[in-house]
Amino acid sequence: MKKIIAFLLTAAMVVVLAIPQGMVSFAADFNYGEALQKAIMFYEFQRSGKLPENTRNNWRGDSGLNDGADNGLDLTGGWYDAGDHVKFNLPMAYAVTMLAWSVYESRDAYEKSGQLPYILDNIKWVTDYFIKCHPSPNVYYYQVGDGAIDHSWWGPAEVMQMERPSFKVDMSNPGSTVVAETAAAMAASSIAFKPTDPEYAATLLKHAKELFTFADTTRSDKGYKMAEGYYSSHSGFYDELTWASAWLYLATGDEAYLDKAESYEPHWERERGTTIISYSWAHCWDNKLYGSLLLLAKITENSYYKQCIENHLDYWTVGFNGGKIQYSPKGLAYLDRWGSLRYATTQAFLASVYADWSGCDPAKAAIYKEFAKNQVDYALGSTGRSFVVGFGKNPPRNPHHRTAHSSWSALMTEPEECRHILVGALVGGPSSGDEYVDRLDDFQCNEVANDYNAGFVGALAKMYDKYGGNPIPDLVAYETPGEEFYVEASVNAAGSGFVNIKTTIINKSGWPARGSDKLSAKYFVDISETIEKGITLDQITVESTTNGGAAVSQLLPWDAENNIYYVNIDFTGINIFPGGINDYKRDVYFTISAPYGEGNWDNTNDFSFQGIKQGFSSDKTEYIPLYDGDVRVWGKVPNGGSEPEPTPTSTIKPTPTPTVTSSPTVKIGDLNYDGKVTSTDLSILKRYLLKILKFSNDEEESKFLTAADVTGDGKVTSTDFTTMKRYLLKLIDKFPAEK
């Protein structure tokens, strides 16, 4: 108590600069509802593991499916950290704690905006992973993936080839920082889930207690090594222990946890050369002291904690003890070049939480609220451009994110711009002079990360609660796929009795990126003139000395009656994937020869020879079709042949009665014709929209389109998908097409 009194006397003697805020106050109005839902959606793009059927985009796929196998565990799930593919649990747990804190503070706003199911789903995606990471009370796996190995490759998560080791802490090699932060995440999340899933909340709380005991007992980061240089704990572990115990108190009401939180006070960071608790940094993935002080102020109403958090918030607004956060000319509260907006928007959340508390002085509350709105509005575009991908005016187009960029060659320069829209991602932001460039390789301006969006989501929920806004109904991030698989070719050499062709099989898939070890191509020829010369089929030979590992066949019949044959170029067993300049394509040179004689070979009438030029450069050609297994994914085939039946992709049954309008024989929404509408039908519709679904005939396709047009607008689009999803969630009891 003497220490507290001494602190208060010291603080009372400090001269607080009564300077105006010095920031530009913008009256710009933004759709905070849309911004909130998109900022939450960002986390769906960060998911690792096997994705659920309700995924709201078509460019992310399953990835990291062997995580933990090196230790005989299933450590799939969780989030990739930023634009890379390492699962760093310290910032991941921090982000979950912040999202759960936002639900704790603004649950009504989430319910009103319709975003509560989405934010809880994103939290659960990670807490399920954390449960896997905590197989026993004193063992915790804190990281999957090696930062150095991971950061040396630039490509989409779905086609990672590198080793992904997992790393743990235990009693002999502890890691109190990351373990305590995970305890905080589990405790805060248990509060968020208690109203809707008390059993799951109890499971989370059990893990939170065990993790906290582990962290508090060991009080060491001796074993937390693999994240050093990426997420080193500069602040130590006492801030995390305080943070975790405060959340455990809120989750349990057990005074022992509150006593624990307060007992760490001697270890809290002080301003250099003073006894004053630190106030001049920001709440972030490394330093949880400020959030802890805010929680303790609200829990205890102790003037000591109130003074501490107000010192901090004053530093970010009007100034404190002769110091004040730097402001950019256009009003950004600027702490650091790396993630400038991350700090400003997180501080906006803290300021909003404290200002909304009844224990906050009204005059200070007004200042803190204005600060919070100004910082959020800056991020949303009050200076003339948005810093949130997919939102507002002139948003960033090229965030530093491997999977969003979706390079097939593992180069940042190819393609020139990101292929995908990383909806809702808050980029790092501008410099202290408001300078910003939207460039993929500008790590400072355009980095994105889980912790960047965490406080931002909370601040947006506060803005929505105060000012409203309209979320987009049934928001999805489906994109129109670009060209993914194709063939390029050129004539290497040709003569009266032979032709030498170079073909290049290309996989630039990105919706989602995927490798295949079943690719093959067909080169079609017409040997009519050769047969007329009396040359038999077995006298025509195909040779290949440079084939990239493919099996190159002799001529095979397509339409033998009309002398149409093809060379099959088969890469079965060789994984071709969009992950490097030597991985996304394969070159094959082959020569077709007939016995020498003038007029024995005429290349010009060959189906696959159309449009191919002679020379070193190859051109894209649709006359050399490409197959993934039995499914043709590119190009045309000549008439007369019997195309192999594709591998079945659904349980759709053909009907002999094609129709383009609703009829008694078609149940709207029943896409597998089993008499009911279930999640299986939703999955089939998703496959159709992703252009994976194939039909064996026009009648089958016609019946499908009738059943799938649940909106009744005459076409099948993503709107039908979201409408069917709403039906399955019992948000509507009838499809519009049935009315």
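1. A residue is called buried when its relative accessible area is under 20%, exposed when that area is over 50%, and partly exposed in between. At 28% relative accessibility, D128 therefore falls in the partly exposed class. K124, whose relative accessible area is also given as 28%, is partly exposed. The structure discussed in this note is a predicted model, and each value below is computed from that model.

2. The overall layout may be stated briefly. The protein chain has 739 residues, of which 58% count as buried. Its C-alpha atoms occupy a box of roughly 110 × 60 × 50 Å along the principal axes. The secondary structure amounts to 20 helices and 16 strands. Three domains are assigned: domain 1 covers 32-467, domain 2 covers 485-634 and domain 3 covers 679-738. The centres of domain 2 and domain 3, taken over C-alpha atoms, are separated by 38 Å.

3. A salt bridge joins the side chains of K124 and D128, with an N to O distance of 2.9 Å. Both residues belong to helix α4 (residues 116-133), where they are 4 residues apart, or about one turn of the helix. In general, side chains of opposite charge can pair when their charged atoms come close. By the rule applied here, the model contains 29 salt bridges.

4. Which residue forms a salt bridge with D314? The partner is K364, and the closest N and O atoms of the pair are 2.8 Å apart. Because K364 lies in helix α13 (residues 362-380) and D314 in helix α11 (residues 303-315), the pair ties together parts that are 50 residues apart in sequence. The two partners fall into separate accessibility classes: K364 is partly exposed, with a relative accessible area of 23%, whereas D314 is buried at 5% relative accessibility.

5. A further salt bridge links R439 and D441, whose closest N and O atoms are 2.7 Å apart. R439 has a relative accessible area of 46% and is partly exposed; D441, at 36% relative accessibility, also counts as partly exposed.

6. The strands β1, β2 and β3 form an open sheet in the order β1-β2-β3, with antiparallel pairing. Its edge strands are β1 (87-88) and β3 (166-169), each of which pairs on one side only. Strand β2 (residues 140-144) runs antiparallel to β3 and is joined to it by 4 bridges. Within this sheet, Q143 stands opposite F167 of β3.

7. Another open sheet comprises 5 strands in the order β9-β13-β7-β6-β14, and its pairing is antiparallel. The edges are taken by β9 (541-546) and β14 (619-620); each has a single partner strand, so one side of each is left without a neighbour in the sheet. How many bridges join strand β7 to strand β13? There are 9 bridges between β7 (residues 498-507) and β13 (residues 585-593), which run antiparallel. V499 is positioned opposite I592 in β13.

8. Rolling a probe the size of a water molecule over the atoms shows where empty space is left. A search of the whole structure finds 1 cavity of 30 Å³ or more, and the largest cavity holds about 30 Å³ of space. The largest cavity is lined by F45, Q46, R60, Y80, A82, G83, D84, H85, A157, H401 and T403. This lining divides into 4 nonpolar, 5 polar and 2 charged residues.

9. The second largest pocket has a volume of about 870 Å³. It is lined by 36 residues, and those closest to its centre are Y230, Y231, W285, W338 and R342. Helices α12 (340-355) and α16 (450-467) are the elements that give two or more residues to this lining. By class, the lining of the second largest pocket comprises 14 nonpolar, 10 polar and 12 charged residues.

Methods. Residues are numbered from 1 along each chain as its sequence is written. This is a predicted model: local features need pLDDT of at least 70, side-chain atom pairs count only at pLDDT 80 or more; totals for chains, interfaces and linings use all residues. Side-chain values use heavy atoms; hydrogens and water are left out. Domain bounds come from an automatic or database domain assignment. On a 1 Å grid over the protein atoms alone, a cavity is a set of points where a 1.4 Å probe fits but cannot get out, and a pocket is an open set with protein on both sides within 12 Å along at least five of seven lines; lining residues have an atom within 4 Å of a point. Grid points are joined across faces, edges and corners, and a volume is the space filled by probe spheres set on the points. Ala, Val, Leu, Ile, Met, Phe, Trp, Tyr, Cys and Pro count as nonpolar, Asp, Glu, Lys and Arg as charged, and the others, Gly among them, as polar. Two strands pair if DSSP finds at least two bridges between them. A salt bridge is a side-chain nitrogen of Lys or Arg within 4 Å of a carboxyl oxygen of Asp or Glu. Buried means under 20% relative accessible area, exposed over 50%, partly exposed in between (1.4 Å probe, protein chains only).
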